[in-house]
Amino acid sequence: MIYHTPVLLQTVLDFTNPKPGDLFIDTTVGGGGHTFEILKRGARILGIDRDPEAIEHVTKKCQMSLSTRNSLKASNVKYQIGKDLVLAQGNFSNIGQIARANGFNKVDGILFDLGVSSYQLDDAKRGFSFMRDGPLDMRMDPSLAVRAKDIINNFPERRLDEIFKTYGQEKFSRAIAQAICSARQIREVETTGDLAKIVREVYGKKHIRGKIDPATKTFQALRIVVNSELLNLEEALPQTEELLKEGGRLVIIGFHSLEDGIVKRFFKQAQRLKVLTKKPIGPGEEEIFKNPRSRSARLRAAEKI
Ligand SMILES: C[S@@+](CC[C@H](N)C(=O)[O-])C[C@H]1O[C@@H](n2cnc3c(N)ncnc32)[C@H](O)[C@@H]1O
């Protein structure tokens with residue numbers, strides 16, 4: 001099974017240019033897609049993820065033989081955990097502390113590939129997907145106290161409306177919040193399927209067939225709130241300036257305008273970063289064709305001066 005196809009991989013490599021002896025931090029290691037490509041170029045890397053399943057997956061993958069980019073020359077490279085690749089389960093909002101604790105004090109590159117992995121999305125029991133019925137969970141880190149279900153069944157209508165409007169830019173936020181509150185008076189909203197059905201009913205005929213699923217924005221908003229995604233990013237970015245060596249590169253891939261806005265504002269006010277991307281870079285047609293989930297990716301990069 002493919003865990004996750006790395007997005008904008010060549011662009012990440014072009015900006016970071018990993019070389020033997022370089023030190024990198026991948027703050028969102030996920031399936032290791034970007035990490036392993038950086039490792040293949042001889043750099044050492046600290047891979048962080050708040051999801052223990054991602055850390056477990058990359059640990060296992062590390063122990064398997066890996067082929068080089070040129071599949072004809074399959075090599076038996078094995079990356080050693082702790083030596084070539086250091087893995088840490090944690091929140092990138094603590095990137096400074098995690099990096100120092102693992103001896104990554106000054107690094108050549110830092111990557112953020114935000115959001116959820118395909119693995120998380122496709123696993124019904126994680127509760128991220130409106131396509132697969134599962135418990136309404138959405139926690140990237142299972143030790144978090146609040147699941148999506150707790151928010152949907154307990155928050156007041158006004159607060160739900162605000163969440164869908166602010167974090168999902170959902171134009172029917174009010175009607176969706178009302179419909180949820182009516183539904184939960186009869187019985188708790190338990191599953192992703194229950195919630196998706198409520199949202200789809202609100203859209204009703206307003207939904208144009210073939211267009212994006214009406215539940216998309218509601219699910220995105222909830223996921224952002226359950227995982228405090230924007231707050232984590234706001235806390236992490238200022239710590240990267242100190243961690244980068246002079247000439248070190250920071251690359252951030254975001255998937256929606258709220259993330260991109262935070263990155264843009266940070267780049268504007270950062271004193272020791274030179275912005276390398278006047279405009280965010282998105283995937284080309286070929287990448288979107290091969291990996292439709294890359295569709296909304298936007299990459300920004302900067303260099304420490
Ligand atoms: C889009 S995936 C990364 C995929 C990876 N670049 C690859 O190619 O396989 C995002 C990952 O970031 C993790 N993540 C999201 N927010 C995080 C945070 N605040 N701290 C640490 N990891 C986070 C998620 O658990 C998920 O595994």
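**Exercise 1. Determine which strands pair with β7, and state whether β7 is buried or exposed.**

Step 1. Strand β6 (residues 273–275) is joined to β7 by 3 bridges, and the two run antiparallel. Strands here are DSSP runs of E with at least two residues, helices are runs of H or I with at least four residues, and both are numbered from the N terminus. Two strands pair if DSSP finds at least two bridges between them. In this pairing, V275 stands opposite A302 of β7.

Step 2. Strand β5 (residues 244–254) also runs antiparallel to β7, with 6 bridges between them. Here I253 stands opposite L299 of β7.

Step 3. Of the 7 residues of β7 (residues 298–304), 6 are buried, so the strand is largely enclosed by the rest of the structure. Buried means under 20% relative accessible area, exposed over 50%, and partly exposed in between (1.4 Å probe, protein chains only).

The model is predicted: local features need pLDDT of at least 70 and side-chain atom pairs count only at pLDDT 80 or more, while totals for chains, interfaces and linings use all residues. Residues are numbered from 1 along each chain as its sequence is written, and side-chain values use heavy atoms, with hydrogens and water left out.

**Exercise 2. Identify the buried residues of helix α2.**

Step 1. Just after α2, G42 takes a positive phi of about 95°.

**Exercise 3. Describe the surroundings of T191.**

Step 1. T191 lies in the loop between α8 (173–186) and α9 (192–203). T191 has a relative accessible area of 19% and is therefore buried.

Step 2. Apart from neighbours within four places in sequence, T191 is in contact (heavy atoms within 4.5 Å) with D133, G134, P135 and L136.

Step 3. The side chains of T191 and D133 are joined by a polar contact of 2.9 Å. A polar contact is a pair of N or O atoms within 3.5 Å; within protein, one must be able to donate a hydrogen and the other to accept it, and residues adjacent in sequence count only if both atoms are side-chain atoms. A polar side-chain atom of T191 also lies 3.0 Å from the backbone nitrogen of D194.
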